Amino acid sequence: MSGKVITRFAPSPTGYLHIGGARTALFNWLYAKHTGGTFLLRIEDTDRARSTEGAILAILDGLRWLELDWDGEPLYQFARAERHREVAEALLASGHAYRCYASAEELAAMREQARAEGRAPGYDGTWRHRDPSDAPPGIAPAIRFKAPREGETVTEDRVQGRVTFANKDLDDLVILRSDGSPTYNLSVVVDDHDMKITHVIRGDDHLTNAARQSQIYKALGWEIPVFAHVPLIHGPDGAKLSKRHGALGVEAYRAMGYLPAALRNYLVRLGWSHGDDEIISMEQMIEWFNLDAIGRSAARFDFAKLENLNGHYIRATPDAELVAQLKALVPVLPDGAARGARIGKDGWRKLERAMPGLKERAKTLVELLDNADFLFVERPLVPDDQARKLLDAEGRKTLAALLPRLEAVAPWSPEALDAAVRGFAEETGRKLGKVAQPLRGALTGKATSPGIFDVLDVLGRAESLARIKDQTSVVESA
């Protein structure tokens, strides 16, 4: 196949954009970008009972969030049903299809007999050679594809290599149901042909479909696209990916606080590699991606690796950009309204100032937000269990002695605060940690936080001193 590469992502809108689908979209997008080609989007909404508008929006939103932009407008498969019927009629006219009048009861009996004989359940070809004049009255026929009975159908797959199917194992599939609605394999062939798709990159659960679709292509005299069937994603235990492993929608990963760049980087490494490179930028992905580097074995999903990668991207992202990501994230969190109200307009500026210290410790944006919560809590703080241990009688006594030193600090800057606290520790014979830890507990209500002098600086003089006084007053009232 020559000429410009055209790939497509063709999800069924019966649910969210799941993680396997996101990887399929990414691989198609990257191959199109790598070759200077075109990436198209087709919504396969022919299952009218299960396709929903909400699922379509979730898929579009998920692709946009991952920054996988498609060329042109999405194509909706259901809207092309008349074209699919036209092709089914053409196959009928050319002798590559036939009308089948088998009833549901007859088909069930065929399946039962095949099971009893140890054969794969399938249609036995009853109407393949029968004269249509034998048709029972009042039965609307389906149209079946007349698949070759002898020999083999061979697919030269760019990932799997040569894949061979014995034609006797591929029965005459229905291409047009008795109600006139086209079926999956026919619709896919017609749409891929009409969209001029050159490369079909999808999960290896479609390998049998590739054989069936190849037969339809040949019957129509159309060029078969290049197939590349990618092994599915498995869980860490090697079992098929399930929700407990991470088989969630892209929107769930967004709500868990993963950055789109990190998720893209993680997904591209699930089944594709470039040497030992782990951190791969979008520009590098586009430059390096090719079908030959896709592995033949199933990739294993590992949340710990994804978290570590996300932590790297958080640290590498400019502070202002992280704040923009957090602003976009907050509304989709379960407690988003409360968080947004707590941060308020001024809080985002405070958060950006605190970002250098906050982003060093967080592996997800949600964790980053949680760690930043001390910036927005109302006084008096309620220390957590670990911070309460730091704020014992000795800790509060230390704070009471330190307070006058801090009140005298000018200017209120990390450097001046550092000097004042270190000077106090030396003069009073205390280790720095014995001063900094209760100070951290008083200021943040937690035992861990960004650097304590950065915390003092971001909170500001008035708020910092007030929080310390809240804790030292416990000494006075005790």
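**Notebook: strands, a bent helix, cores**

I began with the pairing of E9 and strand E10 (residues 226-230), which run in the parallel sense over five bridges. The model I am reading is predicted.

I looked up the partner of Val200 and found that Phe227 in E10 is its bridge partner. I then followed the chain from E9 through helix H6 (residues 207-220) to E10, and this β-α-β crossover is right-handed. Is strand E9 (residues 199-203) buried or exposed? Five of the five residues of E9 are buried, so the strand is largely enclosed by the rest of the structure.

Next I turned to helix H12 (residues 336-358). Its end C-alpha atoms span only 20 Å, whereas a straight helix of 23 residues would span 33 Å at 1.5 Å a residue. Where does H12 bend? I place the bend, of about 80 degrees, at Gly347. Gly347 is also one of the buried residues of H12, which include Arg339, Ile343, Trp348, Leu351 and Met355. I noted helix H11 (319-329), helix H13 (365-371) and helix H18 (452-459) among what covers the buried residues of H12.

Last, I checked the nonpolar cores. The largest has 99 residues, and Leu375 and Leu439 touch the most other members. Helix H1 (residues 19-34) gives the largest share of this core, nine residues. Apart from this core lies another, of 18 residues, with Val189, Val190, Tyr217 and Ala219 among them.

Which residues does Leu439 touch, not counting those up to four places away in sequence? I list Leu399, Leu402, Leu406, Val421, Ile452, Leu456 and Ile468.

Notes. Residues are numbered from 1 along each chain as its sequence is written. This is a predicted model: local features need pLDDT of at least 70, side-chain atom pairs count only at pLDDT 80 or more; totals for chains, interfaces and linings use all residues. Side-chain values use heavy atoms; hydrogens and water are left out. A nonpolar core is a set of buried Ala, Val, Leu, Ile, Met, Phe, Trp, Tyr and Cys residues joined through side-chain atoms within 4.5 Å. Buried means under 20% relative accessible area, exposed over 50%, partly exposed in between (1.4 Å probe, protein chains only). Helices (H or I, at least four residues) and strands (E, at least two) are DSSP runs, numbered from the N terminus. Contact means heavy atoms within 4.5 Å. Two strands pair if DSSP finds at least two bridges between them. A crossover is right-handed if, with the strands pointing away from the viewer, the path from the first strand over the helix to the second runs clockwise. The expected span of a helix is 1.5 Å times one less than its number of residues. The bend at a residue is the angle between axes fitted to the seven residues ending there and the seven starting there.
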